[in-house]
Amino acid sequence: MSLHAHETWEWLIASPLFGITLTLAAYACGRYLHRRTASPVFQPVLVAIVMIVVVLEVGDIDYADYLAGGDYIAFWLGAATVALALPLHHEWHLVRRALAPIAVGVVVGAVVSISTALFVTDLAGGNRELQLTMAPKAATTPVSLALSAQIGGIPALTAAVTIVAGITAAILGPWILDRIGVHDLRARGIAIGSTAHGIGTSRALQESRTEGAFSALCMGLTAVVTSVLVPLLVQVL
Amino acid sequence: MANPPVLRGILALLGCQLAGEVLVRLTGIEFPGAVVGMLLFFVVLRLRRPGDSSGLVAAPKLLLTHLHLLFIPAGVGIVVYLGRIRDDALPLAAGIWVSWLAGFVVTAWVAALLLRLGKDRG
């Protein structure tokens with residue numbers, strides 16, 4: 001009897017079961033490491049991404065094959081975005097009284113994010129296409145991706161850049177806020193939601209429900225403001 | 001362990017998302033349907049005011065606890081761009097981190113200042 005090793009492998013990498021199981025396993029490992037080390041550097045999402053990348057490289061597996069399962073997981077991002085209404089509902093009594101700082105914070109955050117993205121990328125030698133790719137990175141991934149396509153950037157690279165910015169905020173954000181003396185949970189949430197969308201918001205939720213609620217609202221508002229400002233600022237700058 | 005009625009909550013979340021997605025397409029507004037869904041679900045929560053044992057609370061809580069998990073597949077997508085990232089490593093790194101830091105710090109300071117001013121006035 002001979003084992004059908006090749007056929008089994010072909011079936012395995014093409015099956016959604018592979019991508020889903022791999023993602024959940026990597027995430028579980030990431031959470032375990034995060035709990036054991038209690039270090040913010042071991043963000044579960046970062047550990048999981050590195051582990052999956054290694055598996056794909058070693059097994060010579062296409063990203064598209066992985067996505068057959070990965071897409072089932074990413075699908076829930078939409079429902080999770082809807083779910084952000086819950087912290088907002090719980091903290092509404094605080095949010096209602098801070099609408100002006102929220103609005104100003106979001107607009108300032110968007111203007112600084114977009115203009116510095118264009119300027120710094122240019123300064124570091126990036127061409128126009130790369131600058132445009134960077135411009136919408138503060139908005140949540142579906143929005144930054146669509147904006148990038150609209151203004152002539154590279155949408156998939158924008159999505160990657162957006163996620164890297166979010167992961168950076170999740171790892172370093174709270175530490176930086178401590179260093180620069182911003183301890184008000186509401187201000188912390190506004191800063192995270194305005195510049196680090198959903199990934200930052202999930203870190204903010206770990207810190208406190210108040211911080212998470214402000215971050216969730218600012219993430220939504222930043223999506224709106226960025227959609228309006230990116231096409232305008234790109235023409236001027 | 002008591003089984004919270006998560007199913008009803010999941011249905012509410014997907015229902016709000018579906019309504020949001022349909023709404024943005026019908027009106028032709030270029031905006032993520034899920035964010036519109038968030039606003040709709042917020043209205044549902046304000047009107048129903050569900051208790052902690054309700055599925056309307058349990059389902060979103062479950063998703064938000066594992067929010068990070070949902071970003072992993074897209075993060076892995078960075079692999080596809082490894083070649084590109086190597087070529088333009090400096091402008092990409094500078095563009096992401098310098099720009100993110102600037103936006104983050106300025107927003108935090110502006111928000112903290114305005115919140116403090118608001119308290120002094122009130």
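Guide: Chain A is divided into domain 1 (5-75) and domain 2 (83-236), with bounds that come from an automatic or database domain assignment. This is a predicted model, in which local features need pLDDT of at least 70 and side-chain atom pairs count only at pLDDT 80 or more, while totals for chains, interfaces and linings use all residues. Residues are numbered from 1 along each chain as its sequence is written, chains are lettered from A and ligands numbered from 1 in the order in which they are written, and side-chain values use heavy atoms, with hydrogens and water left out.

Visitor: What separates the centres of domain 1 of chain A and domain 2 of chain A?

Guide: Taken over C-alpha atoms, the centres of these two domains of chain A are 27 Å apart. Six residues of domain 1 of chain A are in contact with four residues of domain 2, contact meaning heavy atoms within 4.5 Å.

Visitor: And what area is buried between domain 1 of chain A and domain 2 of chain A?

Guide: About 450 Å², with carbon and sulfur atoms giving 75% of it; buried area is the accessible area (1.4 Å probe) that two parts lose on being put together, summed over both. On the side of domain 1 of chain A that touches domain 2, the residues divide into five nonpolar, one polar and no charged, where Ala, Val, Leu, Ile, Met, Phe, Trp, Tyr, Cys and Pro count as nonpolar, Asp, Glu, Lys and Arg as charged, and the others, Gly among them, as polar.

Visitor: Switching to the chains, how many residues of chain B are in contact with chain A?

Guide: 68 residues of chain B are in contact with 91 residues of chain A, and the area buried between the two chains is about 6,900 Å², of which carbon and sulfur atoms give 82%. B:H68, B:F71 and B:W100 supply 11% of the area that chain B buries against chain A, more than any other three residues.

Visitor: How many salt bridges between chain B and chain A?

Guide: The count is zero, a salt bridge being a side-chain nitrogen of Lys or Arg within 4 Å of a carboxyl oxygen of Asp or Glu.
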